[in-house]
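Q: Hey, I'm new to this one. Can you walk me through it once it's on screen?
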Amino acid sequence: MIFSYVEVLIPINLGVPGIKLGIANLVVVVGLFFFPAGEVLMISVARILLMGYLFGNGMSILYSLAGGLLSFLVMFLLKHIKGFSITGVSIAGGVTHNVAQIPGNFHMKTDYKQEIQSNIGQAARHKEIERSLRISHSS
């Protein structure tokens, strides 16, 4: 949790909201190589929830959980495949964490787009009703 807090303090402005260095991922990667996977998973989920409640919001928790759980699974599987070093497992975890958040982002944008289209449709219907009321009053 200390690594997560330090990450919050390091300002990175690359035009992508929520982007971080991934320092907190070190605990998960190292933990996978030295501790039982179940304990590491519990620590990872607890860290995500606590940091989300302290420094984020509901959406940041959902994004972090999606990324954290999928990256944990990929790192766990790659750890057991010969030929992957701790560095390779860490890189795969970081990439997977980012990839896991894309569907949620796409879903949010799709919902937002549908909401805008719905509002435009409602505005058009209101204008039609208003126009028909003006025509009936002027007659």
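Predicted model: local features only at pLDDT ≥ 70, side-chain atom pairs only at ≥ 80, totals over all residues.

Q: Ok, and which residue does F72 form an aromatic pair with?
A: That's F76. The structure holds one aromatic pair, and F72 and F76 make it: they are stacked, 6.4 Å centre to centre, with 10° between the planes.

Q: Where do those two sit, and how far apart are they in the helix?
A: Both are in helix α4, residues 58-79. They are four residues apart, so about one helical turn separates F72 and F76.

Q: Why does a spacing of four places matter for the way residues point?
A: An α-helix has 3.6 residues a turn, so residues three or four places apart point the same way.

Q: And F76, what's its relative accessible area?
A: It's 28%, so F76 is partly exposed.

Q: Which other residues of α4 are buried?
A: Besides F72, the buried ones in α4 are I61, L65, G67, G68, S71, M75 and L78.

Q: How many residues does α4 have, and how far does it reach?
A: It has 22 residues. From first C-alpha to last, α4 reaches 31 Å, close to the 32 Å expected at 1.5 Å a residue.

Q: You listed M75 there. What's the C-alpha separation between M75 and V29?
A: It's 7.4 Å, although V29 and M75 are 46 residues apart along the chain. V29 has its place in helix α2, residues 25-34. V29 is buried too, with a relative accessible area of 3%.

Q: Switching topic: which ring does the charged end of K79 sit over?
A: The ring of F33. The charged end of K79 is 5.9 Å from the centre of that ring.

Q: What about the surface, which residues make the nonpolar patch?
A: V30, F34, F35 and I86 make a nonpolar surface patch of about 410 Å².

Q: Where is I86, then?
A: I86 is found in helix α5, which covers residues 86-138. With a relative accessible area of 36%, I86 is partly exposed.

Q: And I43, buried or exposed?
A: I43 counts as exposed, at 52% relative accessibility. You'll find I43 in helix α3, residues 37-55. From I43 to V27 is 9.0 Å in space, C-alpha to C-alpha, and 16 residues in sequence.

Q: Zooming out, how many helices and strands does the protein chain have?
A: Five helices and zero strands. Along the sequence the pattern reads α-α-α-α-α.

Q: Last one: what share of the protein chain counts as buried?
A: Of its 139 residues, 19% count as buried.

Technical notes: Residues numbered from 1 in each chain as written. Heavy atoms only, no water. Patch = residues over 30% accessible without salt bridge, like charges linked within 9 Å, V, L, I, M, F, W, Y side chains within 5 Å. Areas by Shrake-Rupley, 256 points an atom, 1.4 Å probe, with all protein chains shown as cover. Salt bridge = Lys/Arg side-chain N within 4 Å of Asp/Glu carboxyl O. Buried < 20%, exposed > 50% of the residue type's maximum accessible area, 1.4 Å probe, protein only. Phe/Tyr/Trp six-rings, centres within 6.5 Å; stacked < 30°, edge-to-face > 60°. Lys NZ or Arg CZ within 6 Å of the ring centre and 35° of its normal. Expected span 1.5 Å × (residues − 1).
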